[in-house]
Amino acid sequence: MVNKVRVHGKAQNRTVLGIVNAYLVMHPKATLQELKDAFPDSLNPDSGVKINFVDMRHIKESQPEKWNGFFSGEDELLHLADGTTVALVKMWTKPSFERIVAKAAEYGIEIASFTEADKGFGKKGGYRLEYINGYVPPVADEAPAAEEPEPEKKSKKWLWIIIALIVIAILALVALKGCGNGEAKQPAAVQHDTVTVVKTDTVYVKEVEEIEKNFNAAQFKVDDATLNDSAKFALHDLANLMKKHTEIKVDIVGHTSSEGDAQHNQQLSEERAKSAYDFLVSQGVEASRLKYEGKGSSEPVDPNKPELNRRTEFIVH
């Protein structure tokens, strides 16, 4: 099998974490059982723990101290497409490490030497993934469109809508009468809007901000708008998030530092933002949900630190 992903790890156990994440990138719809089948417990019989993977719900339901042998950091957990969060055992001896490396090769995953791994891996778990031989990771398919309801079901639906409108009209009349005797009540819509905003701020925005950090850590070469493998890896995470939550829209805004010609910086920032836009579209994100623009050096975050101004922002709507 031609290798498709190369794992650069900081240490043995971090490399194993990278191997499993590489497998999930290549198989975005994998379930926990499929993960266990791909990397069976027999690969690591001498870890002191009987299983390689554990559903985090089991950890929360039992004694936390029982699971000290598993990765538990927020950037170390495995998030499956069905919503399951999984922890990987973090104790790997040299024989066990060699076994899982051999198993990874069956799936097109190769391991870089630790000397090579020391050169600029990202923050996530102390490893980074490199796509090789022209490989582009797949994106999980969207959920199938809902079938058109039958005529009889449609008629029943309209009947319930009419009943609901009548009930709302009656409640509105009662509320209007009550206004003369006391203070008006807050409409239910205000409470609903508040819930929606809180959900967006706490779920989508935080995930996108983390992806933005990883993307900016994978810096462009000087005077170049070509995406490197680490940048594609971060954008692949963003594509998966947007495929899963189809209501998300994202603006991609490129910025540069003030060195050099302002007009050239403007053009470069636009090209870098468009590179990210084009990659997301190639991964199946609808172009109508994306916008891109470049602002050159017009909006520095710190005039005294040029490196902070070379950034790309992902703004969620």
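Predicted model: local features only at pLDDT ≥ 70, side-chain atom pairs only at ≥ 80, totals over all residues.
User: Why is the pair of Y23 and F39 called edge-to-face?

Analyst: Happy to walk through that one. The ring centres of Y23 and F39 lie 5.4 Å apart, with the planes at 80°. Y23 sits in helix α1 and F39 in the loop between α2 and β2, 16 residues apart.

User: What makes the pair of Y277 and Y292 tilted?

Analyst: Here the planes are 50° apart and the centres 4.9 Å. Stacked needs under 30 degrees and edge-to-face over 60, so the rest, tilted, applies.

User: How do you know whether Y277 is buried or exposed?

Analyst: Its relative accessible area is 17%, and buried means under 20%, so Y277 is buried. Y292 has 36%, which lies between 20% and 50%, so Y292 is partly exposed.

User: How do you know what span helix α8 should have?

Analyst: Good one! At 1.5 Å a residue, the 16 residues of α8 should span 22 Å, and the end C-alpha atoms are 23 Å apart, which agrees. At the N-terminal end, N228 caps α8 through a side-chain oxygen 3.3 Å from the backbone nitrogen of S230.

User: Which residues touch the most other members of the largest nonpolar core?

Analyst: Those are L35, F39, F53, L78 and L88, in a core of 41 residues. Helix α1 gives the most to this core, with 9 residues.

How values were computed:
Residues numbered from 1 in each chain as written. Heavy atoms only, no water. Helix = DSSP H or I, 4+ residues; strand = E, 2+ residues; numbered from the N terminus. Expected span 1.5 Å × (residues − 1). Polar contact = N/O pair within 3.5 Å; in protein donor to acceptor, adjacent residues only side chain to side chain. Core = buried A, V, L, I, M, F, W, Y, C linked by side-chain atoms within 4.5 Å. Buried < 20%, exposed > 50% of the residue type's maximum accessible area, 1.4 Å probe, protein only. Phe/Tyr/Trp six-rings, centres within 6.5 Å; stacked < 30°, edge-to-face > 60°.
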